[in-house]
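Here is a short briefing for someone meeting this structure for the first time.

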Amino acid sequence: MGIVLVGVSLLSWVGVVTAAWCCAQAARLEVPLTAVIFATMVVALGMLVPSSPGYIGVFHYLTTVALAPFGVPKALALGYGIIWHATNYLTLSITGMVALWVHGTSLGQVLERWRNPDKVTG
């Protein structure tokens, strides 16, 4: 069971790095794969600290800081951070909506449950 969990974890990290690499290509960011991996790790660790909703600003700052040692200009790193963050945000939002639909739950039901957490629904 442990090896399966490690495998799933590695597979998920490959997906995250692949998405970050694709965003880097979209931003015409010419850096080695190690820079994208490093930026991914810095942003992931930075998300552990409580922040603004959606990590707006923090995500972009961490991306800019992580790419500085690789000689990426701040404006280019910021542009990449915006593209990368938007891609993550949209992917998670769409996946969440699909999961709600598959589960048979409406957004209205989620909001009602959020507004009235003590109310038991059947």
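## Overview

Of the 122 residues in the chain, 22% count as buried. The model is predicted. The chain holds 5 helices and 0 strands. Read from the N terminus, its elements run α-α-α-α-α. The radius of gyration is 18 Å, well over the 14 Å that the globule rule gives for 122 residues, so the chain is more spread out than a compact globule.

**Size and surface**

- The C-alpha trace spans about 55 × 35 × 25 Å along its principal axes.
- The chain has an accessible surface of about 8,600 Å². Carbon and sulfur atoms hold 73% of that surface.
- Among contacts with a separation of 6 or more, 50% come from residues 24 or more positions apart.
- An α-helix has 3.6 residues a turn, so residues three or four places apart point the same way.

**Helix α3, mostly covered**

- In α3, 7 of the 10 residues are buried, and the helix is mostly covered.
- The buried residues of α3 are Phe-59, His-60, Leu-62, Thr-63, Thr-64, Ala-66 and Leu-67.
- What covers them? The cover of the buried α3 residues includes α2 (33-46) and α4.

**Thr-63, inside α3**

- Thr-63 belongs to helix α3, which runs over residues 58-67.
- Thr-63 counts as buried because its relative accessibility is 0%, and the cut-off for buried is under 20%.
- A polar atom of the Thr-63 side chain lies 2.8 Å from the backbone oxygen of Phe-59.
- Beyond its neighbours within four places in sequence, Thr-63 is in contact with Val-43, Ala-77, Tyr-80, Gly-81 and Trp-84.

**His-85, inside α4**

- His-85 has its place in helix α4.
- With a relative accessible area of 9%, His-85 is buried.
- Which residues does His-85 touch, not counting those up to four places away in sequence? They are Gly-54, Tyr-55, Ile-56, Phe-59 and His-60.
- Two of these partners, Phe-59 and His-60, are themselves among the buried residues of α3.

**Arg-28, in a loop**

- Arg-28 is found in the loop between α1 (2-26) and α2.
- Is Arg-28 buried or exposed? Arg-28 counts as exposed because its relative accessibility is 70%, and exposed means over 50%.
- The phi angle of Arg-28 is near 55°. That is a positive value in a residue other than glycine.

**Val-110, in α5**

- Val-110 lies in helix α5, which covers residues 107-115.
- At 33% relative accessibility, Val-110 counts as partly exposed.
- Setting aside residues up to four places away in sequence, Val-110 touches Leu-100 and Thr-105.
- How far is Val-110 from Ile-82? Their C-alpha atoms are separated by 28 Å, and the two residues are 28 residues apart along the chain.

Methods: Residues numbered from 1 in each chain as written. Predicted model: local features only at pLDDT ≥ 70, side-chain atom pairs only at ≥ 80, totals over all residues. Heavy atoms only, no water. Helix = DSSP H or I, 4+ residues; strand = E, 2+ residues; numbered from the N terminus. Buried < 20%, exposed > 50% of the residue type's maximum accessible area, 1.4 Å probe, protein only. Polar contact = N/O pair within 3.5 Å; in protein donor to acceptor, adjacent residues only side chain to side chain. Contact = heavy atoms within 4.5 Å. Rg over C-alpha atoms; globule rule 2.2 N^0.38 Å. Areas by Shrake-Rupley, 256 points an atom, 1.4 Å probe, with all protein chains shown as cover.
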